[in-house]
Amino acid sequence: MTLPLYPGLTLAAGKIDVATIGEPPTLDPMVSTADVVGMTTQHIFETLFTYDGEWNVVPLLADAMPEISEEGRVYDITLRKDVRFHDGSTMDAGDVLACIERWMSIASRGKQAAPYVEKVEVTGDNAIRITLSKPYAPLLSLLAFNNSAAVIMPKENLAEPLVAFTGTGPYMLKEHKPDQYIQLVRFDDYAARTESANGFGGKRETILDEIRFVPVADANTRLEGILSGQFDFADSLPAESYGRLESADKALPVVLEPFGAPVFVMNTKQGMMTSKAVRHVIQTALNPEDMLLAAFGNEKFFRVSGSLYPQGYIWHTDEGIQRYGSGDPVKAGEMLKEAGYDGKPLRILTSRQYEFHYKMAQVAAEYLKMAGFTVDLGIYDWATLTQRRADPALWDIFITHGPFPAEPALNGWMSDDFPGWWNSAEKHAVTGPFLAEADPQKRKALFAEVQKAFYEEAPVFKVGDFNALTAEAKTLEGFKPSPWPYFWNVSTENGK
């Protein structure tokens, strides 16, 4: 679709082409947890808060960090003044109120916060108040996250589905040709913060005139494109391409270490995976080392580990990981018979747009067959997979991955509404105290109990830790690696 040119639009020559893993399923960042959505739309839309380089929450559209009442229930948030949307209108508290209400209604992250929110109200032209029914430690982290994000847009544009993609971000949407490109152009009236750039926080400079996100489903095509100079950045590349990138004339490898964890999410809402006994079979059958070797090959890019957070994170613990990594399909087969498996196909969703997902799926399928499962491996483009996983009738396991977020509540499985729908009394018995506690050291001990329940309940199989490989053109300047690559504060020498 071609969109109208907004006030403040200037076209110029400098642009970059960014190869992504495929067409995003939506450009509405509230309704999707797909990384390709967050990566793209964070240039268009902004949140009240964001993260600095150390993953601390810092203000973005908020003027400063909120004033929080002594008992931790009332958050008074002052908004920045004279922040303009791409259509020329000015953001006010009414827009923020409407967007937060929409976020709590339709976004999986917002639905996590909603049960704790007593009310959201406007307290001035540039001020809102969030009142909680009880303390909820992850609130600011959820408001800062760019995934299922609490983005701010004009209240007049709120619709289901969203049809006007108008934000406050440094770049605005000019044209979207599905499966061809998403064209963003500089917003000349962007209201940048004055602090020094720091991670996602601080000043966002619109140095580039244009950014085009180009969906390239095949990883090898993304690789050849960055090597030839066709692309200025290529996301999610195969680990085995590291050597070629190291010796390339036009590109540089970018390794983010550690990046995160690949996971097999089980459907606890409908079908065979509603049985904890069957989920324990999966846990016992799969061999994480074999899957990681198949996926990444080079040990530079993975680590066999069951802990939900690596060493070096405050949340690292070994609690519960005795259930991790046995890789014993014979024992799993005995457990499967005891669980009363009836031979129905175990439906696994995966995608080749993330090639390492597909390779892990192939290895997992063989182990699960040895355990006695009939396996139906469904291979889809990523947009279709994210649509199918929303319907619990269509799958039993899907494969995904994510980074290690600074706040554990940001892990998808912590939300009762994230596909997989882990929602049990056992879960809430451990997550409730963790989410209500503000003291970091007490939260650390409480998270160990969360991890223990994670392994006992087995809603997700964590495969291990991995490092992500992307690549940038040698002509790109100022790029900072991130789980969700961003291109403000970035320039290019090539002058396309």
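A charge is said to sit over a ring if NZ of Lys or CZ of Arg is within 6 Å of the ring centre and within 35 degrees of the ring normal. In this predicted model, local features need pLDDT of at least 70 and side-chain atom pairs count only at pLDDT 80 or more, while totals for chains, interfaces and linings use all residues. Residues are numbered from 1 along each chain as its sequence is written, and side-chain values use heavy atoms, with hydrogens and water left out.

**Charges over rings**
- The charged end of K269 sits over the ring of W421, 5.1 Å from the centre of that ring.
- R443 lies over the face of F434, at 4.1 Å from the ring centre.

**Aromatic pairs**
- Rings of Phe, Tyr and Trp (for Trp, the six-membered ring) pair if their centres lie within 6.5 Å, and planes under 30 degrees apart count as stacked, over 60 as edge-to-face and the rest as tilted.
- Searching the whole structure on this basis finds 35 aromatic pairs.
- One of these pairs is formed by Y309 and F404, which are tilted, at 6.0 Å centre to centre with 45° between the planes.
- This pair links distant parts of the chain, 95 residues apart, with Y309 in the loop between β15 (302–303) and α9 (329–338) and F404 in the loop between β18 (397–403) and α12 (425–436); helices (H or I, at least four residues) and strands (E, at least two) are DSSP runs, numbered from the N terminus.
- Both Y309 and F404 are buried, a term that means under 20% relative accessible area, with exposed being over 50% and partly exposed in between (1.4 Å probe, protein chains only).
- The pair of F479 and F487 is stacked because the ring centres are 5.6 Å apart and the planes are at 20°.
- F479 is buried with a relative accessible area of 8%, and F487 is buried with a value of 0%.
- One aromatic cluster is formed by Y51, W55, F145, F200, W484, Y486 and W488.

**An open sheet**
- Four strands form an open sheet in the order β5-β6-β8-β7, with antiparallel pairing; two strands pair if DSSP finds at least two bridges between them.
- The edge strands β5 (67–68) and β7 (117–124) each pair on one side only.
- β5 is joined by two bridges to the antiparallel strand β6 (residues 74–78), and E67 stands opposite D76 in β6.

**A covered helix**
- Helix α7 (residues 276–285) is mostly covered, as eight of its ten residues are buried.
- Among the buried residues of α7 are R279, H280 and Q283.
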